[in-house]
Amino acid sequence: MKNKYFLLAVIGLIWGSQFIFQKIALTALTPQLVGVGRAVVGFITLFVICKMLNVQSKGGTSWLIYMLIGLLEASIPFTLVPWGQQYVSSSIASVLIGTIPFFVILFTPLLSAGSKISRANILSVVVGFFGLLSLFAPGIIEGDSSLSFWGPIAILAASASFGVALLLLSKCGDEHPLIVARNVLGSASLQILVISLFTGSQIPHQVTLDSMLSIAYLGVMCAGVVYFLYMILISEAGPVFTSLTNYLVPTFGVLIGVMFAHEHVGLNTWIALVLILIAVAFNQGKGEKAAG
């Protein structure tokens, strides 16, 4: 299983790179269109993968479940994260989305009978909170009037939505994970199209090649191929090892923003990243799943 570390790094890199590609797509497209493109292309990619591997649905899961998970796992996050990235850098967005494990911890007692929050869970949330506080501390202290909290709040709401969706995945029974991912993205594609219609999202007059290539990457890689690799890693190395992606996604997100987008990352952002990674470490033994 020497290749498990390689797979882990590739998965972390793919999910960590989504933020910079969403930033590029937003230069020409609305957040709703970015979400629609990612969901539709992701669904097509997983549909093709399932056909190639001859993975068949067992038909034991209601489409109402898929619609609910699709809303929480894709429709809401795929729309809110690009919207939030209009106001924050890809580096900060990647740190904020790294809070998914905290929301899993907070919502587990509400959605899973018999589950309780342990001391390690509480410590994790507290440390993570201080990480988020340090992320925006300079602007708060200096009284920066240009500091917008709506972007970060939108991304944190997306993170919470991801967390609830992860807990609801158990409702899919013994259905093949690739089928679940395909059906969830299929449901989300329809939902985001409806969201786009009701919010009046229009196709821009000038669509750039960079924005279209970014949508293709987000759909094929970040919503399609990465789920295939994720399932391979779980089968080869188990869920606990695979959950290490919780460390890699925000780390790669920040590094990619610095290296390729030349984003300025202050000391407070690095401190926030470290604190959030430490907070995730408190719960690593529980093998929480990651999400993109």
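**Figure 1. Helix α2 meets helix α3.** In this predicted model, Pro31, Gln32, Val34, Gly35, Arg38 and Ala39 of α2 contact Phe78, Thr79, Pro82 and Trp83 of α3. Contact means heavy atoms within 4.5 Å. Helices (H or I, at least four residues) are DSSP runs, numbered from the N terminus. Helix α2 spans residues 31-53. It packs against α3 at an angle of about 135°, with the axes 8 Å apart. Axes are lines fitted to C-alpha atoms, for helices over the stretch in contact, and angles run from 0 to 180 degrees between N-to-C directions. That angle makes α2 oblique to α3. Angles under 35 degrees count as roughly parallel, over 145 as roughly antiparallel, 65 to 115 as roughly perpendicular, and the rest as oblique. The crossing of α2 and α3 is right-handed. A crossing is right-handed if the near helix is turned clockwise from the far one by less than a right angle, and left-handed if anticlockwise. By class, the contact of α2 with α3 has six nonpolar, three polar and one charged residues. Here Ala, Val, Leu, Ile, Met, Phe, Trp, Tyr, Cys and Pro count as nonpolar, Asp, Glu, Lys and Arg as charged, and the others, Gly among them, as polar.

Residues are numbered from 1 along each chain as its sequence is written, and side-chain values use heavy atoms, with hydrogens and water left out. Local features need pLDDT of at least 70, side-chain atom pairs count only at pLDDT 80 or more, and totals for chains, interfaces and linings use all residues of the predicted model.

**Figure 2. Thr30 and Trp83.** Thr30 sits in the loop between α1 (3-25) and α2. Buried means under 20% relative accessible area, exposed over 50%, and partly exposed in between (1.4 Å probe, protein chains only). Along the chain, Thr30 and Trp83 are 53 residues apart. Their C-alpha atoms are separated by 8.0 Å.

**Figure 3. Helix α3 against helix α7.** Helix α7 covers residues 150-168. The two helices pack at an angle of about 160°, with their axes 8 Å apart. So α3 and α7 are roughly antiparallel to each other. Their crossing is left-handed. Which residues of α3 and α7 meet? On the α3 side, they include Leu68, Leu72, Ile76, Leu80 and Trp83. On the α7 side, they include Trp150, Ala154, Ala158, Phe162 and Leu168. The residues of this α3 and α7 contact divide into 18 nonpolar, three polar and one charged.

**Figure 4. Ser75 and its contacts.** Ser75 lies in α3, which runs over residues 63-84. Ser75 is buried, with a relative accessible area of 0%. Its side chain makes a polar contact with the side chain of Gln191, at 2.6 Å. The Ser75 side chain also reaches the backbone oxygen of Ala188, at 3.5 Å. A polar contact is a pair of N or O atoms within 3.5 Å; within protein, one must be able to donate a hydrogen and the other to accept it, and residues adjacent in sequence count only if both atoms are side-chain atoms. Leaving out residues up to four places away in sequence, Ser75 touches Gly70, Ala188, Gln191 and Ile192.

**Figure 5. Helix α2 against helix α9.** Two packed helices are described by the angle between their axes and the distance between the axes. For α2 and α9 (residues 209-237), the angle is about 45° and the axes are 7 Å apart. Therefore α2 and α9 are oblique to each other. Their crossing is right-handed. From α2, the contact includes Leu33, Val41, Leu46 and Leu53. From α9, it includes Ile215, Gly219, Ala223 and Phe228. The contact of α2 with α9 holds 15 nonpolar, five polar and one charged residues.

**Figure 6. Loop residues Asn54 and His262.** Most residues other than glycine have a negative phi. Asn54 has a positive phi, near 55°. Asn54 is in the loop between α2 and α3, and it is exposed at 55% relative accessibility. His262 also has a positive phi, of about 55°, although it is not a glycine. His262 is in the loop between α11 and α12. His262 is exposed, with a relative accessible area of 68%.

**Figure 7. His264 and Ser91.** His264 is in the loop between α11 (245-260) and α12 (267-281). His264 counts as exposed, at 75% relative accessibility. In sequence, His264 and Ser91 are 173 residues apart. In space, they are 8.9 Å apart, C-alpha to C-alpha.
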